[in-house]
Amino acid sequence: MVGRNLLDHPAASEWEFIAPASTELDLTDFDAVSTFMREVRPDVVVHAAGRVGGIQANIANPVDFFWINTVLGRNVVIAARDAGVKRLLNLGSSCMYPRNAPNPLAEPQILQGELEPTNEGYALAKIATQRLCAYVHQEDASFDYKTFVPCNLYGPYDKFDPAKSHLIPAIIHKVHMAREQGDSEIEIWGDGTARREFMYAGDLADSIMMAVGKWDDTPALLNIGVGADHSVNDYYASVARVIGWQGTFVHDLSRPAGMKQKLLDVTRQTAWGWQPKVSLDEGIARTYEFYLRKGLA
């Protein structure tokens, strides 16, 4: 999702992008990645690949979420270093923060406490890759490897299949199906009071384009977020409003709801000079348009 939104960014035409599909380059194959890096020798690598999903997918597949993301990070970072690539931007996740850390979550809090159990494997993989980037720079300062820690994302090219999706695309699918089938109720996992920060994926792409354009001014570790959060209930209400469904919501309190809050501290981001541009309702509307064209994906 991030990569496709990056390629769609208005400023993408100013760069030559080389973005091999997984069918063209298997990022779990270190030799293949090493050969690719040596042949291409890119000016900048943006590591946006990963195995991603919501609570349901993380709980069901902790092995894949841990090992695939760990291997992807290791292969991309080390292959880039071995090929002499001096600039790399790694994308982490707000899951990297401890489950009980006080909000808003500031960059120094990473590794300061235990992780949320429902996505621990994914978080460990993301932390390992961030630390690997830091170690590469520590050993040789000419390798300027940075990590962005974005909040939760949604947008075009997202996954809408309930077995694989994050919160907002899952809600879009559920509300759309309820409207199409004439359902009057929709179930919400937990009590719906857990708070989450979601950003439109096109805005993350915009921050990446800013980073590659003013590399030396970009912090080595940087949260990228909206600076405000909403409850799960609020997101359901927003999607229902955009789609035009007027039923009622019921809560399944037996289901896991994850961390009570995940709100990023955007102090460094603000000082860097960047803010997201797309409002929640506008982002949901754009994402719903994509869903109507592409289906579950």
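## A buried glutamine

(Throughout, buried is under 20% relative accessible area, exposed is over 50%, and partly exposed is in between, using a 1.4 Å probe and protein chains only.) Gln-130 sits in helix H5, where helices (H or I, at least four residues) and strands (E, at least two) are DSSP runs numbered from the N terminus. Setting aside residues up to four places away in sequence, Gln-130 touches Asn-90, Met-96, Thr-147 and Leu-221; contact here means heavy atoms within 4.5 Å.

A word on the model: it is predicted, so local features need pLDDT of at least 70 and side-chain atom pairs count only at pLDDT 80 or more, while totals for chains, interfaces and linings use all residues. Residues are numbered from 1 along each chain as its sequence is written, and side-chain values use heavy atoms, with hydrogens and water left out.

In soluble globular proteins, nonpolar side chains tend to be buried together. The largest nonpolar core in this model has 37 residues, and the members touching the most others are Ile-110, Phe-148, Met-199, Leu-204, Ile-208, Ile-224 and Trp-272. (A core is a set of buried Ala, Val, Leu, Ile, Met, Phe, Trp, Tyr and Cys residues joined through side-chain atoms within 4.5 Å.) Two or more residues each come from helix H1 (2–7), strand E2 (87–91), helix H5 (120–139), strand E3 (144–150), helix H7 (201–213) and strand E8 (221–224). H7 gives the largest share, seven residues.

Take Leu-204 from that group: beyond four places in sequence, Leu-204 touches Val-2, Leu-91, Pro-150, Leu-153, Met-199 and Ile-224. There's also a second, separate core of 25 residues, with Tyr-154, Phe-198, Leu-280 and Tyr-288 among them.

## A greasy spot on the outside

Some nonpolar side chains are on the surface instead: Val-63, Phe-66, Trp-67 and Leu-124 form a patch with about 380 Å² of accessible area together. Areas come from the Shrake-Rupley method with a 1.4 Å probe, and for residues only the protein chains shown count as cover. Patches are built from residues with over 30% relative accessible area and no salt bridge, joining like charges within 9 Å and nonpolar side chains (Val, Leu, Ile, Met, Phe, Trp, Tyr) within 5 Å.

Helix H4 (residues 62–82) supplies the largest share of this patch, three residues. Val-63 belongs to H4, and at 59% relative accessible area Val-63 is exposed.

## The annotated binding site

An unreviewed UniProt entry puts a "binding site" feature at Lys-174, Trp-189 and Arg-196. UniProt positions follow the numbering used here, feature names are shortened, and annotations may be inferred rather than shown by experiment. Trp-189 is in strand E5 (residues 185–189) and is partly exposed, at 24%. Leaving out neighbours within four places in sequence, Trp-189 contacts Ile-55, Gln-56, Asp-252, Arg-255 and Pro-256.

Arg-196, in strand E6 (residues 195–196), is buried at 10% relative accessible area.

## Salt bridges

The whole structure holds eleven salt bridges, each a side-chain nitrogen of Lys or Arg within 4 Å of a carboxyl oxygen of Asp or Glu. In one of them, Asp-281 pairs with Arg-241 at 3.0 Å between the closest N and O atoms. Asp-281 lies in helix H10 (residues 280–294) and Arg-241 in helix H8 (residues 232–243), so the pair ties together parts that are 40 residues apart in sequence. Asp-281 is partly exposed, at 30%.

Two of Trp-189's contacts, Asp-252 and Arg-255, form a salt bridge with each other, the closest N and O atoms being 3.5 Å apart. Asp-252 counts as buried at 19%, whereas Arg-255 is partly exposed at 38%. Glu-180 and Arg-179 also pair up, at 3.6 Å from N to O, with Arg-179 partly exposed at 36%.

The loop between E2 and H5 is worth a look. Pro-104 is in that loop, and the peptide bond from Asn-103 to Pro-104 is cis, with omega near 0°. Leu-111 lies in the loop between E2 and H5 too; its phi is near 70°, a positive value in a residue other than glycine, and Leu-111 is exposed at 53%.

Tyr-157 is another non-glycine residue with positive phi, near 75°. Tyr-157 is in the loop between strand E4 (152–154) and helix H6 (167–181), and is partly exposed at 23%.
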